Amino acid sequence: MSYDAIVLAGGAARRLGGADKPALSVGGRALLDRVLDACPDARTTVVVGNRRATARPVHWTREDPPGGGPVAALDAGLRRTTAELVLVLSADLPFLDRETVRALLAAPSAPAAPGRDGAPGRDGAMLRDPDGRDQPLVAAYRAEPLRREIALLAAEHGTLTGLPLRALTAELDLARVTSRPLASFDCDTWDDLAAARARIREHGSVLEQWITAVKSELGIDLTVDTKALLDLARDAAHGVARPAAPLTTFLVGYAAAHAAATGADPAQAVAEASRKAADLALRWADEAAADSAEQNGSG
């Protein structure tokens with residue numbers, strides 16, 4: 001579906017001693033880049049905050065005056081978007097994933113009574129964390145009601161500076177999307193940052209996190225069959241020699257890239273190259289086993 005994304009990255013980070021929070025790293029990647037990776041197909045991505053290096057191009061803007069708070073920052077970002085649906089995120093969500101983003105984007109158009117402006121569906125959808133707390137900066141909003149309510153707040157208060165987000169979201173008809181365990185985890189303190197860095201190294205998630213980080217660093221978007229590659233590495237290591245494992249998987253990747261350059265589907269190219277290399281490793285091992293058995297028999 002077509003949508004624009006706004007990432008708020010201009011907070012003062014007082015509980016981090018004023019550190020440049022979006023640039024802090026988790027798993028070797030800046031928090032901001034991890035958030036941007038969750039919405040790669042946004043038609044336009046606007047980051048509200050000071051300019052900094054990012055893994056992919058974005059548009060930059062600031063609220064006026066800077067430091068005006070989340071409603072003012074959201075208004076500044078909204079002025080740079082044109083899509084009917086807007087994804088709004090904070091820049092400190094290390095575990096936000098594309099599946100959660102897709103769920104948020106789909107929720108506003110789910111069957112419901114017409115919105116207050118006559119359009120079908122809700123005014124948006126907001127993530128609700130496992131503790132039952134709403135997360136207005138992990139949300140998807142229809143742009144028209146969002147602009148309308150921001151204009152009403154500005155008229156009522158004379159300014160958007162310092163207004164809390166609940167003053168805005170309280171007037172919108174929002175669906176709630178239940179959060180996956182870590183999707184709404186944010187890094188407000190140094191302890192939070194340390195916890196996030198520890199979590200990505202946990203046994204159950206470290207490979208997924210590492211593969212995602214490598215793909216982002218290399219600028220590739222490919223579904224990786226991790227089990228198939230690990231099985232291939234095991235077969236090469238056991239059937240040939242331990243150093244054959246990394247070298248074989250490298251050659252599979254190279255072969256798959258070559259096939260993709262000629263028009264093949266990248267995922268299928270990886271699968272086919274893995275199959276061929278795995279079969280070769282098994283034949284190599286069978287041959288060695290046969291030779292060993294023959295030598296033992298003749299001895």
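Biologist: What should I know before reading the values?

Modeller: This is a predicted model, in which local features need pLDDT of at least 70, side-chain atom pairs count only at pLDDT 80 or more, and totals for chains, interfaces and linings use all residues. Residues are numbered from 1 along each chain as its sequence is written, and side-chain values use heavy atoms, with hydrogens and water left out.

Biologist: At what angle do the axes of H8 and H9 cross?

Modeller: Axes are lines fitted to C-alpha atoms, for helices over the stretch in contact, with angles from 0 to 180 degrees between N-to-C directions. Helices are DSSP runs (H or I, at least four residues), as are strands (E, at least two), numbered from the N terminus. Here H8 (residues 226-239) and H9 (residues 244-261) cross at roughly 135 degrees, their axes coming within 8 Å. The two are therefore oblique to each other; angles under 35 degrees count as roughly parallel, over 145 as roughly antiparallel, 65 to 115 as roughly perpendicular and the rest as oblique.

Biologist: Which residues of H8 and H9 meet?

Modeller: Contact means heavy atoms within 4.5 Å. From H8, Leu229, Leu232, Ala233, Ala236 and Ala237 meet Ala244, Ala245, Thr248, Thr249 and Val252 of H9. By class, the contact of H8 with H9 has eight nonpolar residues, two polar and no charged. Ala, Val, Leu, Ile, Met, Phe, Trp, Tyr, Cys and Pro count as nonpolar, Asp, Glu, Lys and Arg as charged, and the others, Gly among them, as polar.

Biologist: Which residues join H2 to H4?

Modeller: Val71, Leu74, Asp75 and Leu78 in H2 meet Leu146, Arg147, Ile150 and Leu153 in H4. This contact of H2 with H4 divides into six nonpolar, no polar and two charged residues.

Biologist: Is lysine 21 buried or exposed?

Modeller: Buried means under 20% relative accessible area, exposed over 50%, partly exposed in between (1.4 Å probe, protein chains only). Lysine 21 has 18% and is buried. Its place is in the loop between strand S1 (4-8) and strand S2 (25-26).

Biologist: What does the side chain of lysine 21 join in a polar contact?

Modeller: A polar contact is a pair of N or O atoms within 3.5 Å; within protein, one must be able to donate a hydrogen and the other to accept it, and residues adjacent in sequence count only if both atoms are side-chain atoms. The side chains of lysine 21 and aspartate 188 are joined at 3.3 Å. A polar side-chain atom of lysine 21 also lies 3.4 Å from the backbone oxygen of cysteine 187.

Biologist: Where does arginine 56 lie?

Modeller: Arginine 56 is in the loop between strand S4 (45-48) and strand S5 (59-61). Its side chain reaches the backbone oxygen of cysteine 39 at 3.0 Å.
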